[in-house]
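I opened the notebook to look up the pockets and the nonpolar cores. The entries follow in the order in which I worked.

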Amino acid sequence: MAFVEVAFPSDIAYGSSGGPEYSTEIVITHGGHEQRNINWSQARAKYNVAHGIKTHAQLDTLIAFFRARKGKADGFRFKDWSDYKAVAQVIGTGNGSNKIFQLVKKYTSGGITEIRTVTKPVAGTIAVYVNSVLQAGSAYSLDVATGIITFVTAPANSAVITADFEFDVPVRFDTDRLSATLDSYGVNSWNDIPLVEIRV
């Protein structure tokens with residue numbers, strides 16, 4: 001599956017709608033009780049970017065971006081303005097030998113925590129701490145295509161590794177066709193330009 005490390009225009013993304021979605025099947029018995037079956041252990045986000053287009057220049061940019069991605073064919077980065085930052089996220093505990101840690105973001109509510117693997121961090125936004133001490137950039141490397149941090153020297157046993165960072169969502173267009181309505185001369189409107197998160 002093709003994925004290109006290019007970001008969807010952030011100004012268009014800013015006016016989009018959408019967020020996380022789950023897949024749940026509900027079976028209702030004759031007595032009115034429900035059996036709920038969870039199909040996905042992790043959410044998969046969906047977005048609609050049609051309302052983010054405010055100017056003709058943005059329209060031109062979107063059409064060019066859509067053509068370059070060949071519709072549904074290629075994945076790309078998308079900034080979800082409602083959820084793009086992580087602060088003081090615990091990404092692991094040192095054991096004296098492990099140098100590799102995956103960026104994650106944790107969501108906790110009512111004693112339940114869901115851990116989201118972050119594979120598309122934004123370059124230049126990362127800050128890594130070992131036992132709350134900020135690490136120099138030379139102490140580790142970050143793969144922005146996978147979200148993996150590799151330390152030069154393995155953190156000591158029981159050392160807590162945390163990170164602050166921004167991240168994108170890997171998505172693709174969920175349509176192979178763009179359809180515009182001509183409202184008046186020089187004014188177009190778009191009803192639906194869907195994006196869907198992909199697993200990478």
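Which residues have the most contacts inside the largest nonpolar core? I noted first that the model is predicted. I then found that this core has 19 residues, and that F8, F78, F173 and L195 have the most contacts inside it.

Next I looked up which elements supply the core. Those that give two or more residues to it are α1 (10-13), β5, α2 (56-69), β6 (75-78) and β16. I wrote down α2 as the source of the largest share, four residues.

Leaving aside neighbours within four places in sequence, I listed F8, A13, S16, Y47, V49, D168, V169, V171 and L195 as in contact with F78.

The largest pocket has a volume of about 460 Å³. Its lining has 25 residues, and the closest to the pocket centre are Q42, A43, R116, T117 and E197.

Which elements give two or more residues to this lining? I noted β5 (44-48), β10 (112-117) and β16 (169-173). The most comes from β10, with four residues.

Last, I sorted the lining of the largest pocket by residue type: 13 are nonpolar, eight charged and four polar.

Note on methods:
Residues are numbered from 1 along each chain as its sequence is written. This is a predicted model: local features need pLDDT of at least 70, side-chain atom pairs count only at pLDDT 80 or more; totals for chains, interfaces and linings use all residues. Side-chain values use heavy atoms; hydrogens and water are left out. On a 1 Å grid over the protein atoms alone, a cavity is a set of points where a 1.4 Å probe fits but cannot get out, and a pocket is an open set with protein on both sides within 12 Å along at least five of seven lines; lining residues have an atom within 4 Å of a point. Grid points are joined across faces, edges and corners, and a volume is the space filled by probe spheres set on the points. Ala, Val, Leu, Ile, Met, Phe, Trp, Tyr, Cys and Pro count as nonpolar, Asp, Glu, Lys and Arg as charged, and the others, Gly among them, as polar. A nonpolar core is a set of buried Ala, Val, Leu, Ile, Met, Phe, Trp, Tyr and Cys residues joined through side-chain atoms within 4.5 Å. Buried means under 20% relative accessible area, exposed over 50%, partly exposed in between (1.4 Å probe, protein chains only). Contact means heavy atoms within 4.5 Å.
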